[in-house]
Every structure is written in C-alpha cells, then in structure tokens.
Amino acid sequence: NNAFIEKCIARDYKALQTLYEYFSGRLYGICLRYTKDTDDAQDVLHDSFIKVFENLKNFRGSGSFDGWMRRIVVNEAINFYRRKKKVQFSDYDAVEFSIQDHTPDIISKLSNKELLELVQRLPDGYQLVFNLYAIEGYKHREIADMLEITENTSKTQYLKAKRRLQEYIAQQA
C-alpha cells in the first residue's frame with residue numbers, strides 16, 4: 001500500500017527490511033532463471049534491490065508493485081550479462097523459419113524446478129531470449145530493443161532454445 005511505500009521511500013529501516021523479506025524469495029527465483037548458479041543469482045538479486053531502493057520514489061502506482069520490481073530484476077539480469085558474460089547471439093538464419101516446429105510442447109508439462117534446471121543449461125543467448133519471451137511475455141520486437149539485436153535474431157534464439165530444451169527432455173526420457 002502507499003503508506004508502506006512512503007515509509008520505504010523515507011528509508012525506514014524496518015519497512016525496507018520487510019520489503020526485502022517479502023519479495024526476495026520470489027525475485028530470487030527470477031534471478032535463478034537468468035543465471036547459471038546461485039552466486040550469480042545472488043549478485044543479480046543484490047543489484048536489483050539496490051535499484052528498487054534507489055527508485056522507489058519513481059514508482060507511480062499505475063501498475064502492480066510486483067510487476068514494477070520484476071522489470072527491475074529482468075533489467076538487472078540483462079545488465080549482468082552485458083557486464084560479465086559478453087553474450088554472443090548467433091546470427092539470424094533464414095533456414096530456421098522454413099522448418100515448422102511440430103514437436104509437441106512437452107516443455108509446458110515440466111514442473112517449475114525441472115524447467116529451471118533445464119533453462120540454466122542453455123547457452124546464455126538462448127537462456128536470455130527464452131526467459132524474456134516464454135516466461136516474462138515480452139514480444140520479439142521488445143526483446144530485440146532490450147538486447148540490441150534484430151527481431152529475427154530474437155526469434156531464432158527462441159526457436160533454438162525451445163528445440164534445445166526438447167532435446168534435453170528427450171535425453172532424460
């Protein structure tokens with residue numbers, strides 16, 4: 001509520017601690033989807049909360065507070081990759097789109113834990129685009145802008161990620 005957010009903006013320690021305790025678990029789960037291990041996820045979470053605390057005064061209340069914080073976490077995950085990983089995206093391959101993906105969507109039948117473990121095994125570029133498109137719900141145009149790649153590269157990365165996940169699942173069967 002607004003009174004609670006006002007306390008956080010005023011740097012009320014107890015309110016900030018409550019905010020962290022309430023949201024950190026959920027946001028950590030998002031961080032894990034974008035990183036390869038718990039240390040990197042902790043780094044992204046830490047940087048995200050610094051941004052949240054610094055920018056609380058900019059929260060307008062037009063959308064959900066949870067959604068506002070999720071966007072910060074996603075942006076921090078992207079920044080993490082830019083700083084640390086130097087992600088390489090494979091170039092757009094026109095052949096990719098002539099092949100129809102008729103594989104049943106077995107990915108949707110996985111538990112969250114199973115999906116997380118498989119997504120963490122993806123190459124960095126695949127992992128980023130898969131998370132942004134399939135889980136966060138961004139459009140390929142938005143992903144292209146966020147990652148400074150072409151829309152077709154985003155689509156290709158997503159298709160390749162989905163196929164790789166299906167290969168991982170087939171190997172486990």
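1. A word on terms to begin with: buried means under 20% relative accessible area, exposed means over 50%, and partly exposed lies in between, with a 1.4 Å probe and protein chains only. Please keep in mind that this is a predicted model, where local features need pLDDT of at least 70, side-chain atom pairs count only at pLDDT 80 or more, and totals for chains, interfaces and linings use all residues. Residues are numbered from 1 along each chain as its sequence is written, and side-chain values use heavy atoms, leaving out hydrogens and water.

2. The overall picture is helical: the protein has eight helices and zero strands. Helices here are DSSP runs of H or I with at least four residues, strands are runs of E with at least two, and both are numbered from the N terminus. Of the 173 residues, 45% are buried. Taking contacts (heavy atoms within 4.5 Å) between residues at least 6 apart in sequence, 72% join residues at least 24 apart.

3. Helix H3 deserves a look. Its 18 residues (38-55) should span 26 Å at 1.5 Å a residue, and the end C-alpha atoms lie 25 Å apart, which agrees; the expected span is 1.5 Å times one less than the number of residues. Aspartate 37 caps the N-terminal end of H3, with a side-chain oxygen 3.1 Å from the backbone nitrogen of aspartate 39. The buried residues of H3 include Ala41, Val44, Leu45 and Ser48. In an α-helix, residues three or four places apart point the same way, because there are 3.6 residues a turn.

4. Now the aromatics. Rings of Phe, Tyr and Trp (its six-membered ring) pair if their centres lie within 6.5 Å; planes under 30 degrees apart are stacked, over 60 edge-to-face, and the rest tilted. The whole structure holds 10 such pairs. One of them joins phenylalanine 59 and tryptophan 68, tilted at 55 degrees with 5.4 Å centre to centre. Phenylalanine 59 counts as buried because its relative accessibility is 16%, and tryptophan 68 does so at 12%.

5. Another tilted pair is tyrosine 133 with tyrosine 158, their centres 4.5 Å apart and planes at 55 degrees. This pair links distant parts of the chain, 25 residues apart: tyrosine 133 is in helix H6 (residues 124-135) and tyrosine 158 in helix H8 (residues 151-172). Tyrosine 133 is partly exposed at 32%, whereas tyrosine 158 is buried at 14%.

Technical notes:
A polar contact is a pair of N or O atoms within 3.5 Å; within protein, one must be able to donate a hydrogen and the other to accept it, and residues adjacent in sequence count only if both atoms are side-chain atoms.
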